[in-house]
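Please consider the following chain with its sequence and coordinates side by side.

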Amino acid sequence: RLLIVDFGSQVTQLIARRLREDGIYCEIHPFNRVDAAFLVKFAPKAVILSGGPSSVYWDDAPLPDPAIFSAGVPVLGICYGQQAMMHVLGGHVEGGTSREFGRAFIEKVVEDPFLDGLFAGAGGEQVWMSHGDHVSEMASGFGVIAKSPGAPYAVIADPERRFYGTQFHPEVYHTTNGARILRNFTHGVAGFTGDWTMAAYKAEAIARIQAQVGTGRVICGLSGGVDSSVAAVLIHEAIGDQLTCVYVDHGLMRQGESEQVVGLFRDHYNIPLVHVDASDLFLGALDGVSDPEQKRKTIGRLFIEVFDEEAGKLGGADFLAQGTLYPDVIESVSVSGGPSMTIKSHHNVGGLPERMKMQLVEPLRELFKDEVRALGRELGLPESFIGRHPFPGPGLAIRIPGAVTREKADTLRKADAIYLDEIRKAGLYDEIWQAFSVLLPVNTVGVMGDVRTYEAVLALRAVTSVDGMTADYYPFTHDFLGRVATRIINEVKGVSRVVYDVTSKPPGTIEWE
Ligand code: XMP
C-alpha cells in the first residue's frame, strides 16, 4: 500500500482517487502523524508528499519527518511536497520571484523512466501549476529531468534513492498526462501491479473491524441512505449479531422508505434492527416551528434523545458505528494542529452525550462516495439502494417551508412519489444527483371542473452535481415537466399549481432550507 502524506492541499483527495482508479490501495495521513514509528507500523511501499498552502520558510512550516527519506522506499513530492523534500534533504527553495498559476508547459531535459512515454509529440507537455515558491537548488543526488518557464526544476529525480519531485500537480485533470506520470511512479518506480480491488478492500475492512471490536457490542444508526446502509452490512458481515441497527422514523421520510429499510435489513439480511416510530414526538415538537434552523436543531436534538434511549434499552453498547466518508474526515483535519473533529451537524450521532462513552467504528473513513457505492455492490446491496439520491437527515421538514404538519408531509410525500416515478420511467434517475419536491406555504387560485380552487404550490427541484458542493438545475424537457405537473395536480389533493426551480448552486443551495 501507498502512503500519502498530507500538507493541506485542496487536491490531496484527488491523488488518492487517481491511485485507487489505478488499482492501488492508499491512505492519506496528516504530515504531523507520520513519524518513524508510524512508518514501521504502516509499512508503505511508496510515499507521496502532497502539495499545500505553506511556505517552507514559515516559522511553523509543516515539514516531512526525515524518517520518510530513510525508509528505503520511493518518494514522490508534489508541489509543496517537492519543496519540503528539498528543504529537508539540503536543497534550497526560493519565494515569490516566479509564480505560476494554471497552465504551463514543461520541456524534457534528460531521459528518465519517470517521464517514460511522455513528450511523444512535438512541443511541451501541458501541466497544471499553482505555486509562489519554487526549488532553486536541488539537494545532492538529484538531477533535473524537465523544466518550465517559471520552474527550472519542474521535475527532478534521484533515481538512486528513487526520490522524485514535480512542481506541478499530476493529480489534476488539466495535467494532460498526469495519470501516466503517477503510474510511472507507482508501477514503474515503486513496483505496484495495480491489482487492488474492492473485494480486497472488503476483506481488509472486515478484518480491521473484527480486530477493533473483538467481542464488543456495536450499535449503528440507520438512515436509509447509502453510507449507513453499507457500513451496517459490512459490519454485520464482520461480527454478525454483535451488531444492532437502530432506525428512527421521524415521520418525515419519503413514501415507502421505512418499509424498504426495515424489509432490507431485518428480512433480507437478518440483521437485528430496532424500528422506532417517533413520528408523534418529532411532529409534536415541530408544531408551529417555522424557522429553518430551529427545525434542524429540534430534529437533531430529538434524534439524539431517541437514539440514546434505544441504546439504553439494548443494555448499552461498546461501539457506535457511523458511515463517515473520507470527505467528512478531510474537511475536519486542520493542517497545523491535526485533528479538530467537527462532525457536521447532520451527522447526528456526532453529538451523542458524553456519558455514553462509546468508541467509534467508521469503516468507510477512507472512501469516496462512488467507492462506497462500489463496496455496497461488492456486499450485494440491491442497486435500488446503492443508487439512491441523497436525502437530508431532517427529511421532509426542510422541504416544507413554514410550519410542518402531518397533513402537509403526507401531501408532499404523495406528490414527490409521483415526480420520482416519472423520473424513473423516463430513465433519468441515475443522471440526476438529487430530485425532490418542495411544498410551499403559498396558496394560489385555480379552476378544476368549473370550480374555483385555492390550494398550495408545489416546486419541483432536480440538480446535477458531482459532490453536492456546486450544482446546476437539470434541463428537463417541457413535455416531461408538463406530464409531471398534470399527474400531480390530478392525483394529489391539496396541490393546484406546479413550478420548476431553475436555480443553480451557488447562488442557491440544493435544499430550500
Ligand atoms: P445544500 O442544500 O446545502 O445541500 O446545497 C447539499 C447536500 O447536502 C444535503 N443536506 C443534508 N444532508 N443532513 C444531511 O444528511 C442535513 O441536514 C442536510 N442538509 C442538506 C442535501 O440534500 C444535498 O444533497
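Helix α5 (residues 198-213) and helix α11 (residues 369-378) pack at about 80°, with 9 Å between their axes; the axes are lines fitted to C-alpha atoms over the stretch in contact, and the angle, on a scale from 0 to 180 degrees, is taken between N-to-C directions. The two helices α5 and α11 are therefore roughly perpendicular, the term for 65 to 115 degrees, whereas angles under 35 count as roughly parallel, over 145 as roughly antiparallel and the rest as oblique. On the α5 side the contact involves Met198, Ala199, Tyr201 and Lys202, and on the α11 side Ala374, Leu375 and Glu378; residues are in contact if their C-beta atoms, placed from the backbone, lie within 7 Å. Sorted by class, the contact of α5 with α11 contains five nonpolar, two charged and no polar residues. Ala, Val, Leu, Ile, Met, Phe, Trp, Tyr, Cys and Pro count as nonpolar, Asp, Glu, Lys and Arg as charged, and the others, Gly among them, as polar. Helices here are DSSP runs of H or I with at least four residues, strands are runs of E with at least two, and both are numbered from the N terminus.

The model is predicted: local features need pLDDT of at least 70 and side-chain atom pairs count only at pLDDT 80 or more, while totals for chains, interfaces and linings use all residues. Residues are numbered from 1 along each chain as its sequence is written.

An unreviewed UniProt entry carries the annotation "binding site" for Ser223, Gly224, Gly225, Val226, Asp227, Ser228 and Ser229; such annotations may be inferred rather than shown by experiment. Gly224 lies in the loop between β12 (218-222) and α6 (226-239). Gly224 counts as buried because it has 21 C-beta neighbours inside 10 Å; the threshold for buried is 20 or more other C-beta atoms within 10 Å, with 12 or fewer for exposed and partly exposed in between. Beyond four places in sequence, Gly224 touches Met253, Glu257 and Val261. Ser229 belongs to helix α6 and is also buried, because 26 C-beta neighbours fall inside 10 Å.

Strands β19 (residues 434-448) and β20 (residues 451-464) run antiparallel and are joined by 12 bridges; pairing requires at least two DSSP bridges. Ser437 stands opposite Leu460 in β20. Two residues separate β19 from β20 in this hairpin, and Gly449 in the turn has a positive phi of about 60°.

Overall, the chain has 14 helices and 22 strands, and 39% of its 513 residues are buried.

Conventions:
Two residues are in contact if their C-beta atoms, placed from the backbone, lie within 7 Å.
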